[in-house]
Amino acid sequence: MTASGITRRDALAWLGTTITALGAAPWLAASADSGSHPPRSQKMTPGRLKQSLSRWTSQAPLPELCRRLKGIGFAGVDLVYADEWAVVNDSGLAVTMGYPAKRDNFLTMGFNNPAHHAVLLKELEAAIPLAKRAGVTNLITMFGNRQPGIDEGHAIDNCVAGLSKIAPYAAEHGVTICVELLNSKVDHPGYQGDSTRFGVAVIKGVDSPHVKLLYDIYHMQIMEGDVIRTIRDNIAWIGHFHTAGVPGRHEIDDTQELNYHAIAKAIADLGFDGYLAHEFVPAGPDPFAAFAEAVRVCTV
C-alpha cells in the first residue's frame with residue numbers, strides 16, 4: 001500500500017470497473033475535452049530513451065493524462081486496456097504496453113501452472129491481432145504465484161512450454177509478449193517470477209525475440225540489487241523496463257536509494273530501443289511535476 005492508499009492491484013481493479021462502466025465514454029471524452037488547457041509542465045528535450053508512464057499511476061481522465069504527458073515529453077502510456085488504446089493513439093502517444101485481458105487475478109495467474117495455459121493463451125490469441133491493428137507492439141503477461149506441488153524447475157518448464165505456444169503467433173503479428181518480474185518480499189507475496197535468474201531461464205528456454213522480460217527496476221532492487229550489472233549481463237532477454245523509487249514506490253528523485261540517471265545511461269549505452277516506463281505513485285502535491293522530474297532524471 002502506498003502513502004496515497006493506492007496499489008497497482010487496487011488500481012487495476014478500479015480501472016477495470018471504471019472502463020467497463022463507461023464503455024465508449026473514453027472516446028466521447030476525447031472529443032468533448034479537446035479544447036482543454038495546455039500542459040503545465042515544460043516539455044523536455046528527447047534523449048536516447050523512449051519514456052512512458054503507467055496509466056494506473058494517475059487518476060486523471062485518460063485524454064487529459066495524454067495531453068499532459070505529451071506536453072512534458074513522454075513518448076507513450078503504459079499498461080493500457082484494449083478499449084482505451086484508441087484514446088492514447090488519437091492523442092499522438094504510443095501504447096507502450098497493453099493488457100490482453102481484464103482480470104482481478106491478472107498478477108497472480110501465470111504460465112507457471114499448466115492449468116492456466118488454456119485461459120492465458122486464449123486471451124493472448126485474441127489480443128495479438130487487435131494489438132497489431134492498433135500499433136501496440138507489447139503485451140504483458142505474468143509468471144504467476146507459486147503453486148503447491150510445482151517446484152521451481154517445473155515452473156520454469158511450464159512457463160517455457162506455454163509461452164512457446166504463443167511465440168510464433170506473436171512473431172507473425174510483430175508483437176512482443178513481455179513477462180514481468182515482481183518482488184515477493186514487499187508487494188506480491190508468493191509471486192514466482194521474483195528473480196532475474198528465474199526470468200532469464202524462461203526467456204532463454206522460449207528462445208524467441210518476441211517473448212522478453214519486463215524488467216521492473218523497483219521490484220528487482222528490492223529482491224536483488226546490483227541493478228546496472230544485472231541489466232548489462234541480461235539485456236538480450238529484456239524487452240521493457242519499469243521504474244519506481246525504493247523504498248515506497250514513489251518519486252525517482254533524491255529521496256530514494258537508486259541512481260536512476262546512471263541506470264538510464266547504462267540502459268541507453270547498451271543500445272536499448274524499447275521503452276522505459278515510469279510506474280510510481282507520486283507522494284508530493286503535484287503529480288505532473290513528479291512525472292516531469294522522472295523524465296528529466298532519465299533523459300540521457
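Two strands count as paired if DSSP finds at least two bridges between them, and strands (E, at least two residues) and helices (H or I, at least four) are DSSP runs numbered from the N terminus. The model discussed here is predicted, so local features need pLDDT of at least 70, side-chain atom pairs count only at pLDDT 80 or more, and totals for chains, interfaces and linings use all residues. Residues are numbered from 1 along each chain as its sequence is written, and side-chain values use heavy atoms, with hydrogens and water left out.

Eight strands form an open sheet with parallel pairing, in the order β3-β2-β1-β8-β7-β6-β5-β4. Its edge strands, β3 (94–95) and β4 (138–142), each pair on one side only. Within this sheet, β6 (residues 211–216) runs parallel to β7 (residues 238–243) and is joined to it by four bridges; D216 has H242 of β7 as its bridge partner.

Helix α10 (residues 260–269) has the buried residues Y260, I263, A264, A266, I267 and A268, where buried means under 20% relative accessible area (1.4 Å probe, protein chains only). Among the elements that cover these residues are α8 (217–223), α9 (227–234) and β7, contact meaning heavy atoms within 4.5 Å. After α10 comes G271, whose phi is positive, near 80°.

The helices α9 and α10 pack at an angle of about 15°, with their axes 10 Å apart; axes are lines fitted to C-alpha atoms over the stretch in contact, and angles run from 0 to 180 degrees between N-to-C directions. The two helices are therefore roughly parallel to each other, a term for angles under 35 degrees. V227, I228, I231 and R232 of α9 make the contact with A262, I263, A266 and I267 of α10.

Technical notes
Buried means under 20% relative accessible area, exposed over 50%, partly exposed in between (1.4 Å probe, protein chains only). Angles under 35 degrees count as roughly parallel, over 145 as roughly antiparallel, 65 to 115 as roughly perpendicular and the rest as oblique.
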